[in-house]
Amino acid sequence: MPISNAAFVRSTIILLVAGMIALLGIVGTSLWLVSKVQTYFAELVDVREVRSSAADLLSTLKDAETGQRGFVITGEVSFRQPYDDALKAVAERQRLLGEKAAGFPAYAERIPEINRLVADKLAELAETVVAVESGQAANAVTLVKTDRGRLLMDQLRDQLGDIMADADRRLEAGVIDTLWSAGALRWTTVIGAIAIIAVLGGAAVIVAQYTRDIVVARREVETLNATLEKRVDERTEELIRANQEVQRFAYIVTHDLRAPLVNIMGFTSELQASLAAIQGYVLADEKPPSADDILEARRAVSEDLPEAIGFIRSSTKKMDGLINAILKISRDGRRELKIERVDIKTLIETGAAAVNHQVSESDGEITIDEKLPTVISDRLSLEQVFGNLFDNAIKYQSPERPLRISVTARNAGRAGFYIEFTDNGRGIAPEDHERVFELFRRSGTQDRPGEGIGLAHVRSLMRNLGGDIVVKSELGQGTTFVLRLPPDLSKVVRSMQA
Amino acid sequence: MNGLGKEVTIVMIEDDEGHARLIEKNIRRAGVHNEVVPFTNGTEALDFVLGKDRSGLASAGRFLLILLDLNLPDMSGIDILQKIKTNTHTKRLPVVILTTTDDEREIQRCYDLGANVYITKPVEYESFAHAIRQLGLFFSVIQIPETQ
């Protein structure tokens, strides 16, 4: 089954669209995944920054507290150095944390509390440092002992620790998300690659199939070209044969129609001659008719007139019969064929049953092959063909032996079926094998009624069905009619119209 | 018409009895009074001329002239002509083809096969009667060989 152009174009377009969709899907998914990775990464950076600024603030505050403690214990300025440094840095650290945490509402809401705690803590630190500076170291120790500083520091540690722990969790989740995205990207690429390979494979298969079909079609065209000449020759031969048949038919018809015409004209003249003889007698008013006149007139009335009239009448009748026979054949040739499935076996069995009485009367026997084919053809034509053949077999059976009729078939492939209709009748002489199919022509002793129409009719019917009929026969032995029948008449009709 | 002083028999092979009658009438009018043996089909005619065994011995010692129509119901007149002209006993019999056929090739073929005269039957009766009478006159003067 070759792919049609439309089907090829359709499947190619489907494959192209599928390939395009696969590619777009891969590109889209990759872009989406890459942008997702970017987002994750940016978030990770932000979270890291929040975490580090939180850690920095805590460590700065710890530095400040360390400096304060050292200064409170020793009272030496050198110990106060970390405190001073931290005091300078803490605002910057706070600002950084605020800035970084602004992007995270969960952190941002903690910032005012942290700022308050930082302010409190710085105030507490400053109070103790100022007390030591003003020489009231004991007050400072008391202030430290109140535990207010430590509590503030603990609160700060909690707040900032929460932020850091949360950031750690976010970082971890971010890494997992990024890893997932990378994995997804890899799978997308793999699936996309498979899809593209499938599309390419499909396209390759279709192209290969299409190419193969084209090659097959081209080979067919080449074969057709090669046989074209032969077929033209066959057709030409058929045409020549048909033309010769038409000429032969016209010749027979004109000859056979002319023969009675000669009679009619001839006997009309004879009638006129006889009339003269009668007139010589009947209209001889003045002088009495001579003995010769009387004799002639008597003969005219008793012999010539009835004979002439008889021949004129029989010739007219014959002409009418010929014209009717020609009309019948012409009508059959023009009859619309009804193409249908015909079981030849049933058809022949029916034909045999119709003549069964006549056959069994003379101890005859009809054998019908089991393997007769079923064809697509015109039933009525075939019924007439086999009806004629059965009638002929009975009509021309040999008086020396009981009638045997057998019908067999063989399949000849492209040529169609050959059906052989054999009888053991009196046979047909070799020189008449073609003549029996001609209109108004018969063979052998003319001891049976008939007009010589049957086989001419059968042949014209068979040729109408795209087949033919020929005869094989030996005088005195029997006759075999070989019918060739195409398996499907509708194809024959189509090729005739083409 | 005679053959060595003996009566010649005219064998008329003509399937149309009307034609046969008209031919006979017009031959008679030409003064030919020989016996005319009519046959309406080829088989019976050959039975008479060549004998049932088709050997031709049946005609030995006869003086025959054959009037032959080409279109016969049971066999072609050409086949009859061929059979008569290829038989050693009957090959010298004069055969006159008298038929409605005026096909050029048919005429040639008959002469090739040994026909002695070929006459086309005219449809017009005047011409028909005239042609047959001429033929009758011709019959009255020709010599017929004896069949061996």
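Two residues are in contact if their C-beta atoms, placed from the backbone, lie within 7 Å. Before you click, know that this is a predicted model, where local features need pLDDT of at least 70, side-chain atom pairs count only at pLDDT 80 or more, and totals for chains, interfaces and linings use all residues. Residues are numbered from 1 along each chain as its sequence is written, and chains are lettered from A and ligands numbered from 1 in the order in which they are written.

**Stop one: where the chains meet**

Show both chains. Their contact takes 22 residues from chain A and 21 residues from chain B. On chain A's side, the elements giving two or more residues are α6 (148-282) and α7 (291-334). Helices here are DSSP runs of H or I with at least four residues, strands are runs of E with at least two, and both are numbered from the N terminus. The largest share of chain A's side, 11 residues, comes from α6(A). Sort that side by type and you get 7 nonpolar, 10 polar and 5 charged residues. For this sorting, Ala, Val, Leu, Ile, Met, Phe, Trp, Tyr, Cys and Pro are nonpolar, Asp, Glu, Lys and Arg are charged, and the others, Gly among them, are polar.

**Stop two: a helix with a bend**

Select α7(A) and zoom to A:A300, where the helix bends by about 45 degrees (the angle between axes fitted to the seven residues ending there and the seven starting there). Which residues of α7(A) are buried? They are A:A297, A:A300, A:D304, A:A308, A:F311, A:I312, A:S315 and A:L322. Buried means that 20 or more other C-beta atoms, placed from the backbone, lie within 10 Å of the residue's own. Turn the view to see what covers them: this includes α6 of chain A together with α1 (17-29) of chain B.

**Stop three: the strands of chain A**

Color chain A by secondary structure: there are 11 helices and 7 strands. Of its 498 residues, 27% count as buried. Now pick β7 (residues 478-485) of chain A. Strand β5 (residues 417-423) of chain A joins β7(A) by 7 bridges, running antiparallel; two strands pair if DSSP finds at least two bridges between them. Click A:Y418 and find its bridge partner in β7(A), A:R484. Strand β6 (residues 468-474) of chain A also pairs with β7(A) in the antiparallel sense, over 7 bridges, and there A:I469 has A:L483 as its partner. The hairpin of β6(A) and β7(A) has 3 residues between the strands, and A:G476 takes a positive phi near 85 degrees.

**Stop four: the sheet of chain B**

Hop over to chain B, with its 5 helices and 7 strands. Buried residues make up 44% of its 148 residues. Select β4-β3-β5-β6-β7 of chain B: in that order, these 5 strands form an open sheet with parallel pairing. Which strands are at the edges? They are β4 (36-39) and β7 (117-120) of chain B, each pairing on one side only. Look at β3 (residues 9-13) of chain B, joined to β4(B) by 4 bridges. There B:M12 stands opposite B:P38 in β4(B).

Notes:
A residue is buried if 20 or more other C-beta atoms lie within 10 Å of its own, exposed if 12 or fewer, and partly exposed in between; C-beta atoms are placed from the backbone.
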